[in-house]
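User: I am new to this structure and would like a close look at one part, its salt bridges. Please take me through them with care.

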Amino acid sequence: ALVSSLEGSRGPSLLARGGSSNGTPAAGDMTRAPLLLLGLSTSCAAAYLASVAAPRASLNRLPEARPSVSIFGRDATCLAVGAAIPSPPPLRSAQPPAATTSPTAPELYERAVLLQQMRRRDESLRTFERLAELTPGDGRVWMRMMTLHKLERRWGRAEATLRRGIEALPQNALLRQALGDLCRERQRWDEARAHFAQAARLDPQLRSVYDSWGRMEASLGRHTFAAELLQRGLELEPTARTYHALGVLQDSKLGQRDKARETLRRGLRLPDEHRNPQLLHALGKLEAAAGNAPAARAHYLAAIDAAPSFTMAHLALGKLEEGLGRYETAARVYAQGATTLQPDGGMGPVQLWQSWARMEQRRGRPLSARRLYERACRHHPKDARLLSEWARLAAELGDPAQARAIFSRVLALRPAPPPYARRA
């Protein structure tokens, strides 16, 4: 009944036409039935079956095209199943792919910066070199290239890059300051000073040049001139970094403690700088030097709370407590700093372990100090001074074998440590 309803008025049943004389369906009927059940018209089914039943000899010619029959509705037409597929168009000769559009300068810059962030420095540098040819007037490109050379400690190439940038951009004050910074790092003081002065002339509003120049002059002992430069930078743009540099200079070199205190407090009053650990540490040192231990302690603790891995705050607070005879408190401070995970994933730095162990020695507790040196050397196995202090303590405790073994570790370090000055 289903087959008859599918055929309708299209003619006799396919099953009737293809069945055997005894009423048993022919082999082809088992193939036709699923097609009919899928809803294909009888003409579509017949075309398909005719194509699959064609003799092999006819495979070398295309079958006759069949009329299109709608199976989706009056407006939709398709080729009957099994209808001849038109011959494909003749193959064309292979054509090269169409040329892609060259990346723009902003795209190249973004790619170079990304490569630099991924530490693929050579690729980044080559991309910046290409950019320098395309856009020599972009000072950022020269600065990035200089930085990449400095990261690889290629000082000569870094300087040559900056000079190329200055040649392309003679009025760029930042490039001139960067060259001054490079000369300062290489201890070419006069050249650095000349470049800083030139940068200040090119852009009198460039705050960063006064910060770099002032720090250099402070390190060379020209404290008054350094303070003037740093003050000029603060007038242009107040920053915590410059407030810190000026406050430390006023306190430690110029003897201007009150002014230094006010300078550091101004830095803490800047937006989002009230917990700046560097400023808090500097204020703590100032108050400790002034004999105000409670204020110093409060500043040190605030600095540690703001930056738990800040080594200098732990050291300063430990020494403050040790100086006051609060040895147990000092030991807790040293221990906290020494066992705090650092940003690189390691334990606290060598100075904290040394200060802790030396305090134990001064307290007449050499065995405790020995254990501390041993623990410290597990975290810092290649520190020659730490190993040497441990070896000397082992010798003082009557263990020459251990002292000899530890000194052998010191001598095996590569490069070998410099000899220590002999005691008179």
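Analyst: Glu-321 is buried, at 2% relative accessibility, where buried means under 20% relative accessible area, exposed over 50% and partly exposed in between, with a 1.4 Å probe and protein chains only. This is a predicted model, in which local features need pLDDT of at least 70 and side-chain atom pairs count only at pLDDT 80 or more, while totals for chains, interfaces and linings use all residues. Residues are numbered from 1 along each chain as its sequence is written, and side-chain values use heavy atoms, with hydrogens and water left out.

The side chain of Glu-321 meets that of Arg-326 in a salt bridge of 2.6 Å, N to O, a term for a side-chain nitrogen of Lys or Arg within 4 Å of a carboxyl oxygen of Asp or Glu. Arg-326 is partly exposed, at 37% relative accessibility.

Glu-322 and Arg-362 also meet in a salt bridge, at 2.4 Å from N to O. Because Glu-322 lies in helix α17 (residues 311-323) and Arg-362 in helix α19 (residues 350-362), the pair ties together parts that are 40 residues apart in sequence; helices here are DSSP runs of H or I with at least four residues, numbered from the N terminus. Glu-322 is buried at 12% relative accessibility, whereas Arg-362 is exposed at 55%.

A further salt bridge, 3.4 Å from N to O, joins Arg-363 and Glu-360, of which Arg-363 is partly exposed at 27% relative accessibility and Glu-360 is buried at 3%.

Elsewhere, Glu-159, Arg-163, Arg-188 and Glu-191 are linked in a network of salt bridges, and the whole structure holds 31 salt bridges.

How values were computed:
Helix = DSSP H or I, 4+ residues; strand = E, 2+ residues; numbered from the N terminus.
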